[in-house]
2 protein chains.
Amino acid sequence: MNAGVDDRRSTILRAVVEAYIDAAEPVGSAYLAALPGMRVSPATIRNEMSALEGEGYLHQPHTSAGRVPTEKGYRRYVDELMTSADPGPDRADQVQGFFAKAHQEIEELLSSTTRLLTRMTDLAAVVTGPSAHRARIVSVQLVALSSRTVVVVVVDANGSVEKRTIVWPGEADSGQLAEIGNAMTAHFRDREVRDVDSPPRFEDSELDKLGAYAFVAVREAVRDADRDGVFIEGTSRIAASFGAVETVRDVISILERHYLVVTLMRSLLSRGQGVAIGSEHGVSSLKECAVVVAPYSVDGVEVGTIGLIGPTRMNYASAIGVANLVSENLSRRLSEG
Amino acid sequence: MNAGVDDRRSTILRAVVEAYIDAAEPVGSAYLAALPGMRVSPATIRNEMSALEGEGYLHQPHTSAGRVPTEKGYRRYVDELMTSADPGPDRADQVQGFFAKAHQEIEELLSSTTRLLTRMTDLAAVVTGPSAHRARIVSVQLVALSSRTVVVVVVDANGSVEKRTIVWPGEADSGQLAEIGNAMTAHFRDREVRDVDSPPRFEDSELDKLGAYAFVAVREAVRDADRDGVFIEGTSRIAASFGAVETVRDVISILERHYLVVTLMRSLLSRGQGVAIGSEHGVSSLKECAVVVAPYSVDGVEVGTIGLIGPTRMNYASAIGVANLVSENLSRRLSEG
DNA sequence: TGTTAGCAATCAAGTCTACCGAGTGCCAAG
DNA sequence: CTTGGCACTCGGTAGACTTGATTGCTAACA
């Protein structure tokens, strides 16, 4: 029972899954028997498939049809049967080439990484920006837009820039603003974003009041930091993957709710899962989808997520391979500086 | 010929368009004759419809079907026959309420405005950020991320912040950086973004070299400024509007190419068109779509665009009304400060 | 002259039937 | 345990027929 990956039954399950991924049509015994590696007759394959159906790995849409993998079937395929997710040297080169001439700016880098993922897998791709919570603050500056409007600009060590526009309580004085900015920079410098808890204090009581006021903007600016960085591309591939418009609508409408997608990916990662198939992830609108996730890290710390979303009959080997490959390259790239 | 909007034939055309917008099904003479305002028999209506078909305003999918508006029919409807695009006091209140408690930050304001548009019209919505070319620069600062990495931060009068991360030629010295930043701020202050043409000069030859180097980053940062600000929401409504998955895929794949959408909207506006129907705009993948655009302005200068995209049988009155309403409110809001 | 009732004509879409064929399950022989 | 053979199932396709919506035309009418 549940022997290895080499027994005949498993081989047949693998062949069914791969054929179905390829052709999106129920797979019959005759087709399988004709496969190069297969040394048994259709009748034997039928027996095995019948057993696989009993075990819950396959499903028969109707009596006179071939078999289709169930979620459990895909799961077993991904966990045990799949041949290596190594994307091969061509793709490795492609990814390396991409990162070699990729843009400096982190946002543009991530956004074009998302497009790269979509292009390589033909799936919808998601990349979340590096979580800002652990990033260190490098500079805080206050700039007057007008006499009553001030923009607070916070730069962190990732090179992310967050800002908050506020109405200044009184006439904005550029000397004062500079002084507050310098004090803030000194105060927060090298502290992590999540440690922004109290404003710097000033001798001068007016400055102290203004400083406390500006501090609120700093806190809000860094609190929003994570919200910016979600990149999603390849939505149109979803339309190409499903025949039913309703499914397309449901899936796309989930993809439009970025925070939902991010939550989903994070929760998968935190449970140590790299792949969620069908209803495993619990989002009912995505029950016909599978999600592949991989974390990426900066200096060894996992800070962001790469995700691929497509139909359950996606090419898992390719998707997982590409996700990991891109994750490694992106991590390396972001850890350089 | 082409009398007014009050002759019977025009009334019938209007009724056909409105019925078709409503029900998405070919409209027959019996249905029209039963309409409250209609005082003639189905036979008469048939005669008129036949004439309208001859004039190119209507089309009959097949002999035993009712009539469907052609592009020309929609065009005439929008230009002459449509009843007022006034969205009514409820919606005006809704929009005012929205802007009353909307977010300060321009990006978030525009992004939630896009969602508002989608919600109110059930169409895909696009808002382009205020063109930065005419914005005045308020501040330029150089911040060291590490000894060899510097981020150049440019703040403009809209409150937009642009940045560019560069490798510094040498050890980054915070005193030098501050000096260059101050000189840049003084040099570019109140100049328009499009006028960023030459760096400030420094007495010190090393500073002058570094300044020229940093200037490149400033120019690149402001050149990219326009690229950020495109907000698109409601893609999933497209899936709900069309029956064919291919159409959905085509349209969404256009929506994914932001620059294409922006170009389309700008070119419509520059030709003074507020509505483009079907093939009028020349983007073949959108031939089953109509696009409604409205500019918005800051202090009387048109700086950005609002757009709505949906099927040709969208509710034009509502779409145009909402686009204009939101445009006015957004303009007012952005011109306040 | 414009309007209308009446009516035959048209044609998409639905229903019914027959049939084909892909694919199975099972049995008996190897 | 494997396999060939065979009856069986059932979705899908094709054709014939029906239904119903809608038209265009004609002739009568105001």
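Let me start with Arg67(B): a polar atom of its side chain sits 2.7 Å from a phosphate oxygen of DNA strand D. This is a predicted model, where local features need pLDDT of at least 70, side-chain atom pairs count only at pLDDT 80 or more, and totals for chains, interfaces and linings use all residues. Residues are numbered from 1 along each chain as its sequence is written, chains are lettered from A and ligands numbered from 1 in the order in which they are written, and side-chain values use heavy atoms, with hydrogens and water left out.

Ser64(A), in turn, places a polar side-chain atom 3.1 Å from a base oxygen of DNA strand D.

Now the surroundings of the strand. 20 residues surround DNA strand D, and the closest are Arg8(A), Thr44(A), Thr63(A), Ser29(B) and Arg67(B). Of the atoms of DNA strand D that come within 4 Å of the protein, 73% belong to sugar and phosphate. Near, here, means that a heavy atom of the residue lies within 4 Å of the strand.

What is the make-up of that surface by class? It has twelve polar, four charged and four nonpolar residues. In this scheme Asp, Glu, Lys and Arg are charged, Ala, Val, Leu, Ile, Met, Phe, Trp, Tyr, Cys and Pro are nonpolar, and the others, Gly among them, are polar.

H3(A) gives the largest share, four residues. Helices (H or I, at least four residues) and strands (E, at least two) are DSSP runs, numbered from the N terminus.

Next, the two protein chains. Chain A superposes on chain B by a rotation of 180° with 0.0 Å of shift along the axis, RMSD 0.1 Å. The copies are therefore related as by a two-fold rotation axis. The superposition is by least squares on C-alpha atoms of residues with pLDDT of at least 70 in both. Within chain A, Val245(A) comes closest to the axis, at 3.0 Å (C-alpha).

Last, Thr149(B), in strand E5 (residues 149-156) of chain B. Is Thr149(B) buried or exposed? Its relative accessibility is 19%, so Thr149(B) counts as buried. Buried means under 20% relative accessible area, exposed over 50%, partly exposed in between, with a 1.4 Å probe and protein chains only.

How values were computed. A polar contact is a pair of N or O atoms within 3.5 Å; within protein, one must be able to donate a hydrogen and the other to accept it, and residues adjacent in sequence count only if both atoms are side-chain atoms.
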